[in-house]
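Thanks for coming. I have one structure to go through, and I will keep to what can be computed from the atoms.

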Amino acid sequence: MSAAKPHLPASVAWLGYGGLLPFALSAGGSLADPVHREAWQQALLAYGAVILSFLGALHWAFAMGANEDRQARPLYIWSVVPALAGWVALLLPLLLAQGTVLAALLLIIAFVAHYVQDKRLARLHPLPGWYLPLRLRLSSVACLCLAAIPYASR
């Protein structure tokens, strides 16, 4: 393996970092606009749930390409967990008084858990060398933005 830093394609960088804009705008609105805080927070939770679902799809794709069922089954199972976590996170504000804060915490945990699963996936399947470092950066920013919800709700 080369010691050179893996090249991140420009289109991937633009799309990945551009995908952080809804996180940043919603978190900023949540902190700076108390009149519309609830709407900003719901937008942030919804986008977090959508992105988690998107991330789970990678594991589904690798499961479809697995040669053996015993390799595919854990990938298929994990691939739906992010979408289910996102769905529960969207329900929590409707069901509980502190549901918005709990939803943000659930999404943060789900992003961290998904990164751990991506690291496992990278040990089993070839992924571009830039993938895990990019995922770490993107997920870290997403989690920081989601943390604006408990902070703004104090």
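Predicted model: local features only at pLDDT ≥ 70, side-chain atom pairs only at ≥ 80, totals over all residues.

Residues are numbered from 1 along each chain as its sequence is written, and side-chain values use heavy atoms, with hydrogens and water left out.

The layout first. The protein chain has seven helices and zero strands, where helices are DSSP runs of H or I with at least four residues, strands are E runs of at least two, and both are numbered from the N terminus. The C-alpha trace spans about 50 × 35 × 20 Å along its principal axes. Of the 154 residues, 41% are buried; buried means under 20% relative accessible area, exposed means over 50%, and partly exposed is in between, with a 1.4 Å probe and protein chains only. Take the contacts (heavy atoms within 4.5 Å) with a separation of 6 or more: residues 24 or more positions apart account for 66% of them. The protein chain exposes about 9,000 Å², and carbon and sulfur atoms supply 71% of that. Accessible areas come from the Shrake-Rupley method with a 1.4 Å probe, and for residues only the protein chains shown count as cover.

Now the rings. How many aromatic pairs does the structure hold? There are four. Rings of Phe, Tyr and Trp (its six-membered ring) pair if their centres lie within 6.5 Å; planes under 30 degrees apart count as stacked, over 60 as edge-to-face, and the rest as tilted. Phe23 and Phe111 have ring centres 6.1 Å apart and planes at 75°, so they are edge-to-face. This pair links distant parts of the chain, with Phe23 in helix H2 (residues 21-32) and Phe111 in helix H5 (residues 99-124), 88 residues apart. Phe23 is buried at 2% relative accessibility, and Phe111 is buried at 2%. Trp60 and Tyr76 also form an edge-to-face pair, with centres 4.6 Å apart and planes at 70°. Trp60 is in helix H3 and Tyr76 in helix H4, so this pair ties together parts 16 residues apart in sequence. Trp60 is partly exposed at 38%, and Tyr76 is partly exposed at 27%. Phe23, Tyr47 and Phe111 form one aromatic cluster.

Trp60 brings us to the surface. A nonpolar patch there has about 760 Å² of accessible area together, and Trp60, Met64 and Trp87 are among its residues. Helix H3 (37-64) and helix H4 (69-95) each give two or more residues to the patch. Which element gives the largest share? H4 does, with six residues. Val80, in helix H4, is partly exposed at 37% relative accessibility.

Last, two single residues. Arg37 is in helix H3 and is partly exposed, with a relative accessible area of 22%. Not counting residues up to four places away in sequence, Arg37 touches Ser30, Leu31 and Ala152. The C-alpha atoms of Arg37 and Ala152 are separated by 8.2 Å, although the two are 115 residues apart along the chain. A polar atom of the Arg37 side chain lies 2.7 Å from the backbone oxygen of Ser30.

His125 is in the loop between H5 and helix H6 (131-146). His125 is buried, with a relative accessible area of 15%, and touches Phe62 and Leu75, not counting residues up to four places away in sequence.

Note on methods
Patch = residues over 30% accessible without salt bridge, like charges linked within 9 Å, V, L, I, M, F, W, Y side chains within 5 Å. Salt bridge = Lys/Arg side-chain N within 4 Å of Asp/Glu carboxyl O. Polar contact = N/O pair within 3.5 Å; in protein donor to acceptor, adjacent residues only side chain to side chain.
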